[in-house]
Amino acid sequence: MAGYLVSDKRKVTTHRFMEMKQKGEKISMLTSYDFTTAGIVDGAGIDGILVGDSASNVMVGNATTLPMTVEQMIYHARSVSNAVNRALVVCDMPFGSYQIDRHEGLKNAIKIMKESGCDALKLEGGEEISDTIKGILDAGIPVMGHLGLTPQSINKFGTYAVRATEDAEAQKLLSDARLLSKIGCFAIVLEKVPATLARQVSSAVKCPTIGIGAGAGTDGQILVVDDMLGKTQGFSPKFLRRYADLYNVMTDAIGQYVTDVKNSSFPSDAESY
């Protein structure tokens, strides 16, 4: 039903993201990792789909995002891109694919774009990787930044707690955001940072900000689709709103199927050839 609220059926581009910020229109984003889910998400009217390296947690069951490879991200991004007609598709560059040097980052960025069919890439970090981001941008590849809690740096932080609560880190985040916007990033994800800081950053940069656990002052919001649909259990951060309870819906449906098979009520004569 939500898709009917979207009157503009044009393909969403990075330019449209900038337009939405200028018009004060909030940007909606969700993650997706497979063809079927992405088709539903796109059809419902979402503006952007992130093929996140969170697939490592959601799809594979890893404790962190670090194990994801370029090839795995291409697989998921291709699956999503094949399903999408309207939304902007952004693919995460996984850990180790851009931190080595500019040349390695550009090489992997081109590979992902050529083989996945996605529209843009997302990289975690600020000034430390700005030279690599410039190289990718110079190659004509749109880049979304990511500041605040950066899951690929979990071993450095040692925690998934809110970031930039101290003044020094807050000032660095603001400086990094300004830099990313200045060099040409079309958007910046702000993850788990104080709402007041996220609002300040959003006002300070030209490109739109996409928040997750960053309050309502950002230019858009993103959630992991499996979390907001209630498929995952045991993960309930403060910022997560569950819009459905698919865990129990699916459990009940599968349980009924098992029962019907066991008691021979499925398939019926009408369901047989």
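Predicted model: local features only at pLDDT ≥ 70, side-chain atom pairs only at ≥ 80, totals over all residues.

Modeller: Residues are numbered from 1 along each chain as its sequence is written, and side-chain values use heavy atoms, with hydrogens and water left out.

Biologist: Why is the pair Asp 92 and Lys 122 called a salt bridge?

Modeller: The term asks for a side-chain nitrogen of Lys or Arg within 4 Å of a carboxyl oxygen of Asp or Glu; the closest N and O atoms of Asp 92 and Lys 122 are 2.7 Å apart, so the pair qualifies. Asp 92 lies in strand E3 and Lys 122 in strand E4, so the pair ties together parts that are 30 residues apart in sequence, where strands are DSSP runs (E, at least two residues) and helices likewise (H or I, at least four), numbered from the N terminus.

Biologist: What makes Asp 176 buried or exposed?

Modeller: Buried means under 20% relative accessible area, exposed over 50%, and partly exposed in between (1.4 Å probe, protein chains only); Asp 176 has 6%, so Asp 176 is buried. Its salt-bridge partner Lys 172, with N to O at 2.6 Å, has 35% and is therefore partly exposed.

Biologist: Where do Lys 172 and Asp 176 lie?

Modeller: Both are in helix H8 (residues 167–183), four residues apart, about one turn of the helix.
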